[in-house]
Amino acid sequence: MAHTALDPHAPATDAGIPFGVDIDLVTGAMREPDRVLVRRASDMKGYYKDAAALDRLIAAGDPVHYEVFEKVIPETYGHLLFCISKLYPGRVGDECFMTKGHYHTVSGTAETYLCLGGSGHMMCKLADGSWQAEPMCRGRMVYVPPHWGHRSINTGDDPLLSFCVYPAEAGHNYGDIAVEGFPRRVFIRDGREVIE
Ligand code: F6R
Ligand code: ZN
């Protein structure tokens, strides 16, 4: 995985021993995460329709697009990975901030996203091009079945916060999505959401 370790030498949590994690369900803050993935505008080249608008955003300060907070757990069958995904609000041109999106490397693995705050969509797609956009808002859980690529999209003015759980062996396949793209994008035009 491309996740950055706060302490690259930190051992995986000995998930043979039960442990607890404090999560603020309003702010999404996880206490003492082992790893934090940070993606800025400059990490999103090639993902948005308006490449010039992304370049302007990078030149204007390269804002953080999203952060993922997690505990280190062995990435082996039987374990579960969990994380907090925090996608900031913003637009690239008129396209809503979004995550890169991925299939799972072990594509037959599912994922649940419990939305803790904000609003947007979980854009899901299959390799054959079929797609579905599931609304996300506080208290709504989205189930991403096996084989569906998935990306979160923030259509609101607050961070889109999710608590995600998935099989530890799933892995992340960004390459196929980067090549294929998603069949639909989400824009805000004249104050209205447009999916096209
Ligand atoms: C894990 C998962 C989420 C995302 C996170 C960032 O399988 O789906 O934790 O990893 O929302 O999105 P990506 O990984 O697409 O950059
Ligand atoms: Zn996933």
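The model is a predicted one, and the values reported below were computed from its atoms.

Ligand 1 is surrounded by 17 residues, and Y66, G101, E111, Y113 and Y174 are the closest of them. When the residues of this shell are divided by class, seven are nonpolar, seven are polar and three are charged. Several strands take part in the shell, with at least two residues supplied by each of β2 (64-70), β3 (80-87), β6 (111-117) and β11 (160-167).

Oxygen atoms of the ligand lie within reach of polar side-chain atoms at several positions. In the case of Y174, which is also listed among the closest residues, an N or O atom of the side chain is 2.5 Å from an oxygen atom of ligand 1. For H104, the distance between an N or O atom of the side chain and an oxygen atom of the ligand is 3.1 Å, while a polar side-chain atom of H150 is placed 3.3 Å from an oxygen atom of the ligand. Taken alone, ligand 1 would expose 400 Å², and 99% of that area is buried by the protein.

The space that ligand 1 takes is the largest cavity, and the count of cavities of 30 Å³ or more comes to one. This largest cavity contains about 230 Å³ of space. Its lining is made up of 20 residues, among which V68, S85, H102, Y113 and Y174 lie nearest the centre. Two or more lining residues are given by each of β1 (35-40), β2, β3, β6, β10 (149-154) and β11, and the largest share, three residues, comes from β10. By class, the lining of the largest cavity consists of eight nonpolar, eight polar and four charged residues.

Following α1 is G61, a residue whose phi is positive, near 135°.

Notes:
Residues numbered from 1 in each chain as written. Chains lettered and ligands numbered in written order. Predicted model: local features only at pLDDT ≥ 70, side-chain atom pairs only at ≥ 80, totals over all residues. Heavy atoms only, no water. Near = heavy atom within 4 Å. Polar contact = N/O pair within 3.5 Å; in protein donor to acceptor, adjacent residues only side chain to side chain. Areas by Shrake-Rupley, 256 points an atom, 1.4 Å probe, with all protein chains shown as cover. 1 Å grid on protein atoms, 1.4 Å probe; cavity = no way out; pocket = protein on both sides within 12 Å on 5 of 7 lines; lining within 4 Å. Sits in = over half its atoms within 2 Å of the grid points. Helix = DSSP H or I, 4+ residues; strand = E, 2+ residues; numbered from the N terminus. Nonpolar A, V, L, I, M, F, W, Y, C, P; charged D, E, K, R; others polar. Points joined across faces, edges and corners; volume = space filled by probe spheres on them.
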